[in-house]
Amino acid sequence: MNYQYKVTFKVLLMLAITLIGIPAYFIMGGSIQMAIVFTLYGIITNALGQIAYHRWLAHDQFVPNIVARYAMIFGTIVCGNGNHIHNVYAHLNHHKYADTDKDTHNPQELGFLKMWLGWYKTPTDYFSMRKLLQKRDVVFASKNYWKLYAVISVLHFLITPWLVVWQAFNFTHMWIGLNWLNYAGHGHGKTGEPSKITGFLNHWMMGEGNHDVHHKSVKKLDMSEPGNVDWAGRYLIPMLLAK
Ligand SMILES: [Zn+2]
Ligand SMILES: [Zn+2]
């Protein structure tokens, strides 16, 4: 099975577990309080994962302290978004070839549905991954990604099997959000250039709504503009920084 179809399988499996498991939880008398706790856990680990993949590993925007470093690596594993090296490599290709036929996920070409199914283009260009490969702990996590994911799933299961259901749900909303960022942040596939996502959606995209600013200066940690604050870059990441 090629990589794209493996992603499709994962996306549909996670969706199926979500659609069956979440109603089952409530039918079997699960409490709303625990549902909120499981969802918040997912929002926090998803945020840490996204900050790690995108801002720390792909663009080297900051140097984290040791606690943040392992919290972020944990976030990348729990969120289920896959191999770090692969994702960074694909994302650097996206930046170099954004909105062209060599873009790994050009919304003009793919549309939202194919992006959500994971039918991204295979990256073609070479990039130096030296800085990423020097992070030995990340390389280890990357090479053993699905084994570590399985270990965390078992630990979740031992705490309560519902955490495994929430793992699927938390992946599912993260994956919709991430693809929406890549779709709407490039003019919904209409303009052929990076654009803005505002309002609630900017907050849901963890403040990464100023996607045009991001494409212009990838090292910029705080991408805020008047009326569209990058809350992760402005308030959250400063707490993760090394002294
Ligand atoms: Zn980027
Ligand atoms: Zn982009």
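The largest nonpolar core has 42 residues, and Ile51, Ala52, Leu57 and Met72 have the most contacts inside it. Such a core is a set of buried Ala, Val, Leu, Ile, Met, Phe, Trp, Tyr and Cys residues joined through C-beta atoms within 7 Å. The model is predicted: local features need pLDDT of at least 70, side-chain atom pairs count only at pLDDT 80 or more, and totals for chains, interfaces and linings use all residues. Residues are numbered from 1 along each chain as its sequence is written, while chains are lettered from A and ligands numbered from 1 in the order in which they are written.

- At least two core residues come from each of helix H2 (32-58), helix H3 (66-79), helix H4 (84-96), helix H5 (107-116), helix H7 (136-143) and H9.
- H9 gives the most to this core, with 13 residues.
- Apart from neighbours within four places in sequence, Ala52 is in contact (C-beta atoms, placed from the backbone, within 7 Å) with Leu57, Met72, Ile73, Gly75 and Thr76.
- In soluble globular proteins, nonpolar side chains tend to be buried together.

**Helix H9**

- H9 covers residues 161-184, 24 residues in total, and reaches 35 Å from its first C-alpha to its last.
- That span is close to the 34 Å expected at 1.5 Å a residue, where the expected value is 1.5 Å times one less than the number of residues.
- Because 18 of its 24 residues are buried, H9 is largely enclosed by the rest of the structure.
- Buried means 20 or more other C-beta atoms within 10 Å of a residue's own, exposed means 12 or fewer, and partly exposed lies in between, with C-beta atoms placed from the backbone.

**Overall architecture**

- The protein has 12 helices and zero strands; these are DSSP runs numbered from the N terminus (helices H or I, at least four residues; strands E, at least two).
- The radius of gyration, taken over C-alpha atoms, is 18 Å, which agrees with the value near 18 Å for a compact globule of 243 residues under the rule of 2.2 Å times the number of residues to the power 0.38.
- The C-alpha trace spans about 50 × 40 × 40 Å along its principal axes.
- Of the 243 residues, 35% count as buried.
- Of the contacts between residues at least 6 apart in sequence, 63% join residues at least 24 apart.

**Positive phi outside glycine**

- Asp60, in the loop between H2 and H3, has a positive phi of about 50 degrees.
- Asp60 counts as exposed because it has 12 C-beta neighbours inside 10 Å.
- Met206, in the loop between helix H10 (200-204) and helix H11 (211-216), has a positive phi near 55 degrees.
- Met206 has 21 C-beta neighbours inside 10 Å and so counts as buried.

Note on methods: Contact = placed C-beta atoms within 7 Å.
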